[in-house]
Structure formats: structure tokens, C-alpha cells
Amino acid sequence: MITLIRKLFIKNYRQVTDENVRLAHGKVASIFGIAINAILVSLKLVFGIIANSIALIGDALNNLSDVSSSLVTLIGFRLASKPADKEHPFGHRRIEYIAGLIVSIIIVAIATSLFITSIERIIDASISEYNLWTFIILGISILLKIFQFSLYFAFAKVINSVALKATAFDSLGDILASIILLVGALISYYLNFNIDGYLGIVIALFIAFNGIKLVKETSSPLIGEAMKKEKIDQIISKIKNYQGVLGLHDILTHSYGGDKIFMSLHLEVDGHQDVFSLHQLIDRIEKDIKKEFNVELLIHMDPIDLSDEFKVKLEKEIVEILLSINPDLKLHEFSLTRSGHQLIIAFELLYPYSEKRKEEVITSLILEKLKGLHHEDIVLNISYERPYFLEE
């Protein structure tokens, strides 16, 4: 069903990295959302007033907020699809996150208002009068919201959209709220026990929970999230397969929304190779990564001196020591200076957030193990740094 909708309403629907195709997905999802929620607002508001049900009227207001959310999402997609300009050279894709954040705040505001109104309903003890049409309306609402959730979630997954994911989970909250309201209405109708105000509180809490969760999810990319380690590992694995690559480190990633990702890294190569050949290698890697992963890659070349056998041996020893301390400790930018019987060893050490021991403790452990292997006076100069990708 979802695939059929994409085929009917979206030209070249499979080319999801194209800005126009992404915009089309956002427009179609938003228009469906506006239409479905407009129908539900009208039905629930009319029958909520007839039944004197604060829970049903509150659910109608929640759907009204969904109309606003869909409009915000639609505007957000249109603005996010604008091409890069002088003021915004990396594009406007983060506007999509701002749209998602606005939707999330609207959800929390509606939940707060519904909670207060439900408390007032409990205090004044007004009686709700449900009828058969109320149950039919709630049944239709649940079915339409299931369709809407499926549409939003499928589209969000296809185009990797935070804003659509936010509206999808808002729809999921609406489904749960309508189910609770239907069960409560049946209880009130058959047992003559009025729980309308209490149902309003439960619905408000459901909506608030989803809203707060979505505020976090949509604001996190704006603050700056780490790139998923799985994709980092795929890129690293591909680069290491190129002949002439000895290693890589100092991986930095920057996301500007959706698939707009930039990456820089240091590439270790044999310092005795021809510099023009190395430049061609780096150019080829950057172009291949762009083509396969849609990542803008910038490589800094790090020449390694492989002729110093003692230095190579010492670096391998330190790598083994690091593995014994914590396999996630990674060494790079290794250098060795000799001064008489003194060895001055310097390197940068990737220090994962999962490692709770202090830097000086790690340094002491490395030095202790090194002194067990060498009689020279050893001086360690270690620069600790945190990873810029998401740890597993």
C-alpha cells in the first residue's frame, strides 16, 4: 500500500538522495496527514460536544495539533530542500530538525493543556454521555491513525527524516490514546461509571511522554550527534583495502542533516613513496567514498618512516600493551626521539568514553609495561583525545 502511494504520487520515488524526491516524500506525507487529521478533528469535536466528553474533545484538539505539525513539517521540508548559498554553504537540511523540534514542542503544549482540563473535569464531576456513534468514530480514528503511522514511519525510514519520524511516533501515541479512550467509553457506557476525566489524564501523559522523547530526538542532531560506528567501520574497511594504505586515524565527521555528511581523516602511507603517486591514491579514495557512501571526504596524508626497524618494533609493542589494557585504546601519530640512553616516545591515544580510568592511570600502566621490556630511561608524551563517532 505504501509503495503504491509512492509510485502514484512521487516521480522517481526510488532516488531518495535527490532533494526533489525527498521534498516530494515530505509533501505527500504532510498532505495525507493534514487530510486525515482534519477529518478526525471534525468528527471527534462534534461527537465530543454531543457526548460532553473532555477526553474525546481533548483527542480532537490533539488531532488539531497534528494538522499544525503536518503544516510545520511540510514547510520544514520545503525550506530544507533549498540549495546551498553564500550564507549557508553546507545547505539548509538542518531546518528539517528545527521543524521536528517545533512539532515536538506543540505536542508537549497540547498534552499540558489536556492534563489541566482533565483535572478540572474530575473536580466538577460532569457526566459524559457516550453512544454508538462515539464508538464508531473512535474505531475509524484508530484505523486511520494506524495507516498514518505506517505511512509516516515508512517514508521516514526511506528518506532518513527526523521530522517525519517525530510525526510518526506522534501518530503512534494517538493510536494508544484512542484505544484507551474507546475502552474507557465502553466501560462508562455499559457500567455507568464515569471515568472521562481520568482517561483525559492518561491520554495527556501518553502525549506528553512522546512529546518529551521527540524533543530530545529532534534537538540532538542540532546540538551535533556522532556518526554511527557501523558506517564509520564500513568506510574504514574500504579505505584499508587500497594498496599503499598503512593505517588511518583522527577521524572527524560532521552532519548537516540527512545524508549531508562530511568526514576528514589522517591517512598513513610510506614516506619513501613518490608524492605524486600518493596524491593520486588520495584523490581516488576521496572520489570512491563519495560515490559509494555519499560522504564528502577530506584526507590528510601522514608519511610513516618504515626504515627505522626499532621504531616499528616499539610501536607494535605499545599496540600490544594497549590491547591488554583496553582493546578500544587506539594509537596514532607515533614518534620516537633518542637522547643518549633516554627514549622519548610521543603519540596520540584515542581514549573512548567507555574507559573510566583517568589518563594518568593509563599512562602509568603503559610506562610500567614498557619498562619491563626495555632498560633505557623512557619518557612518555601522550596526547589523549575522545572519539568523534558513536561507540557501540
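User: What does the side chain of His374 make a polar contact with?
Analyst: The side chain of Glu317, at 2.6 Å. Keep in mind that this is a predicted model.

User: Where does His374 lie?
Analyst: In the loop between H11 and strand E7 (377–385).

User: Buried or exposed? I mean His374.
Analyst: His374 is buried, because its relative accessible area is 9%, and the cut-off for buried is under 20%.

User: Which residues is His374 in contact with, leaving aside neighbours within four places in sequence?
Analyst: Phe310, Lys313, Leu314 and Glu317.

User: OK, H10 then. How many residues, and how far does it reach?
Analyst: H10 covers residues 309–325, so to speak 17 residues. From first C-alpha to last it reaches 25 Å, close to the 24 Å expected at 1.5 Å a residue.

User: Which residues of H10 are buried?
Analyst: Lys311, Leu314, Glu317, Ile318, Ile321, Leu322 and Ile325. They sit on the same side of H10, because they cover an arc of only 140° around the axis.

User: And which are exposed on the other side?
Analyst: Glu309, Lys316 and Glu320.

User: What covers the buried residues of H10?
Analyst: The cover includes strand E5 (330–339), strand E6 (342–350) and helix H11 (359–371).

User: What happens at the start of H10?
Analyst: Asp308 has a side-chain oxygen there that reaches to within 3.3 Å of the backbone nitrogen of Phe310.

User: Switching to the sheet with E5. What is the strand order?
Analyst: E5-E6-E7, an open sheet of 3 strands with mixed pairing. E5 and E7 are the edge strands, and each pairs on one side only. On average, neighbouring strands are turned by 15° against each other, direction ignored.

User: How many bridges join E5 to E6?
Analyst: 8, and the two strands run antiparallel. Leu336 has Ile345 in E6 as its bridge partner. The hairpin of E5 and E6 has 2 residues between the strands, and Gly340 takes a positive phi there, near 65°.

User: And in which sense do E6 and E7 pair?
Analyst: In the parallel sense, over 9 bridges. Ile345 turns up again here, opposite Leu380 in E7.

User: Which strands does H11 touch?
Analyst: H11 packs on the sheet and touches E6 and E7. Its direction makes about 145° with that of E7.

User: What does H10 lie across?
Analyst: E5 and E6. H10 runs at about 135° to E5.

User: New topic: the sheet with E2. What order, what pairing?
Analyst: The order is E2-E3-E4, again an open sheet of 3 strands, and the pairing is mixed. Strand E2 (247–255) and strand E4 (295–304) stand at the edges with a single partner strand each, so one side of each has no neighbour in the sheet. From one strand to the next, the twist averages 15°.

User: How many bridges between E2 and E3?
Analyst: 7, in the antiparallel sense, with E3 at residues 261–270. Thr253 has Met263 in E3 as its bridge partner.

User: Which strands does H9 lie across?
Analyst: Helix H9 (residues 275–293) lies across E3 and E4, at about 155° to E4.

User: Last one, H8. What span should its 12 residues have?
Analyst: 16 Å at 1.5 Å a residue, and the end C-alpha atoms of H8 (residues 229–240) are 16 Å apart, which agrees.

User: Which residues of H8 are buried?
Analyst: Ile232, Ile235, Ile236 and Ile239. Their arc around the axis is only 100°, so they are on the same side of H8.

Notes
Residues numbered from 1 in each chain as written. Predicted model: local features only at pLDDT ≥ 70, side-chain atom pairs only at ≥ 80, totals over all residues. Heavy atoms only, no water. Helix = DSSP H or I, 4+ residues; strand = E, 2+ residues; numbered from the N terminus. Expected span 1.5 Å × (residues − 1). Buried < 20%, exposed > 50% of the residue type's maximum accessible area, 1.4 Å probe, protein only. Arc of directions from axis to C-beta. Contact = heavy atoms within 4.5 Å. Polar contact = N/O pair within 3.5 Å; in protein donor to acceptor, adjacent residues only side chain to side chain. Pairing = 2+ DSSP bridges. Axes fitted to C-alpha atoms, helices over the stretch in contact; angles between N-to-C directions.
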